[in-house]
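Here is a short report on one protein model.

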Amino acid sequence: MRVLLIIPAYNEEANIKKVIERVREYRERCGFALDYVVIDDGSRDSTAQICREEGIHFISLLQNLGIGGAVQTGYLYAQRQGYDVAVQFDGDGQHDLESLPQLLAPVEKGECDFCVGSRFLEGTSQFQSTRLRRLGIRYLSFLIRLLSGTKVTDPTSGFRAANKKVIAALADYYPTDYPEPESIVQIAKQRFRVSEVQVNMFEREGGVSSIHSWKSVYYMIKVSVAILCASLQRGKKPC
């Protein structure tokens, strides 16, 4: 099984070297073929320079496309290189590589097409965000279940694994801005099997989150509309 970590990075100069050092160390002992690609999303800091200096495998976008465009670039790369599974993996140090085997297991066994890493299934993650954000996540989880029939407890999680069929679907179209909740509805509407497993996450090690203060209200309104629109689209049976 060939697995690719898609690592979107925008202004992650404080984190990207440490993240890739961990990936390289983990790859030596993981027991399967693990590769990675950093998608530098037009960073204004020294993210791309650090990647060059440290011999990090990366694709540098000419301009900032946002998280959706960066992740879709990763899926396009995974599709063209023939990877069996693509895993979204944040470049800010929040995702725990030790949780990767349980995230991959349902996909590898053919039990699902797309697996979401959740902080909330068993409540064992070291980092679960603020109470206000957890309330927002519960709301999005309820909305997704209401409109698509898919139960996901952590719909904003960026730690997700996709098989070849879902890789092809997300390479063809991936939502923009804050796409994790909307893409779950998109995948469910296309009749792919969605599952989730408990994973561990850490607090961001450096840099600044793109969602904070008043932007949280704007985000909730925008993502609610996006989920509603995605639920109204006609799904298609996966090939």
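## Thr47 and its surroundings

A polar atom of the Thr47 side chain lies 3.3 Å from the backbone nitrogen of Glu13. This is a polar contact, that is, a pair of N or O atoms within 3.5 Å; within protein, one must be able to donate a hydrogen and the other to accept it, and residues adjacent in sequence count only if both atoms are side-chain atoms. Thr47 belongs to helix α2 (residues 47-53). Its relative accessible area is 0%, so Thr47 is buried. Buried means under 20% relative accessible area, exposed over 50%, and partly exposed in between (1.4 Å probe, protein chains only). Residues up to four places away in sequence aside, Thr47 touches Ala9, Asn11, Glu12, Glu13, Ile16 and Asp40. Contact here means heavy atoms within 4.5 Å.

The model is predicted: local features need pLDDT of at least 70, side-chain atom pairs count only at pLDDT 80 or more, and totals for chains, interfaces and linings use all residues. Residues are numbered from 1 along each chain as its sequence is written, and side-chain values use heavy atoms, with hydrogens and water left out.

Asn11 sits in the loop between β1 and α1. Helices (H or I, at least four residues) and strands (E, at least two) are DSSP runs, numbered from the N terminus. At 29% relative accessibility, Asn11 counts as partly exposed. Its phi is near 55°, a positive value in a residue other than glycine.

Which residues does Asn11 contact, leaving aside neighbours within four places in sequence? They are Ser43, Arg44, Asp45 and Thr47. The Asn11 side chain places a polar atom 2.7 Å from the backbone nitrogen of Arg44. The side chain of Asn11 also reaches the backbone nitrogen of Asp45, at 3.3 Å. Asp92 is 81 residues from Asn11 along the chain, and their C-alpha atoms are separated by 9.6 Å.

## Arg191

Arg191 is another non-glycine residue with a positive phi, about 70°. Arg191 lies in the loop between α7 and β7 (194-198). With a relative accessible area of 57%, Arg191 is exposed.

Strand β1 (residues 2-9) runs parallel to β2, and eight bridges join them. Two strands pair if DSSP finds at least two bridges between them. Pro8 stands opposite Ile39 in β2. β2 also pairs with strand β3 (residues 58-60), in the parallel sense, over three bridges. There, Ile39 stands opposite Ile59.

Strand β2 (residues 33-40) is mostly covered, with six of its eight residues buried. β1, helix α1 (residues 16-27) and β2 form a right-handed β-α-β unit. Right-handed means that, with the strands pointing away from the viewer, the path from the first strand over the helix to the second runs clockwise.

Which residues of helix α4 (residues 100-108) are buried? Leu100, Leu103, Leu104, Pro106 and Val107 are. They cover an arc of only 160° around the axis, which puts them on the same side of α4. The arc is that of the directions from the helix axis to the C-beta atoms. An α-helix has 3.6 residues a turn, so residues three or four places apart point the same way. Gly110 follows α4 and has a positive phi, near 80°.

Helix α6 (residues 164-172) has Val166, Ile167, Ala169, Leu170 and Ala171 buried. Their cover includes α3 (66-80), β4 (85-88), β5 (114-118), β6 (160-162) and α7 (180-189).

## The chain as a whole

The protein chain has eight helices and seven strands. Of its 239 residues, 51% count as buried. Among contacts between residues at least 6 apart in sequence, 77% join residues at least 24 apart.

The chain exposes about 11,600 Å², of which carbon and sulfur atoms supply 51%. Accessible areas come from the Shrake-Rupley method with a 1.4 Å probe; for residues, only the protein chains shown count as cover.
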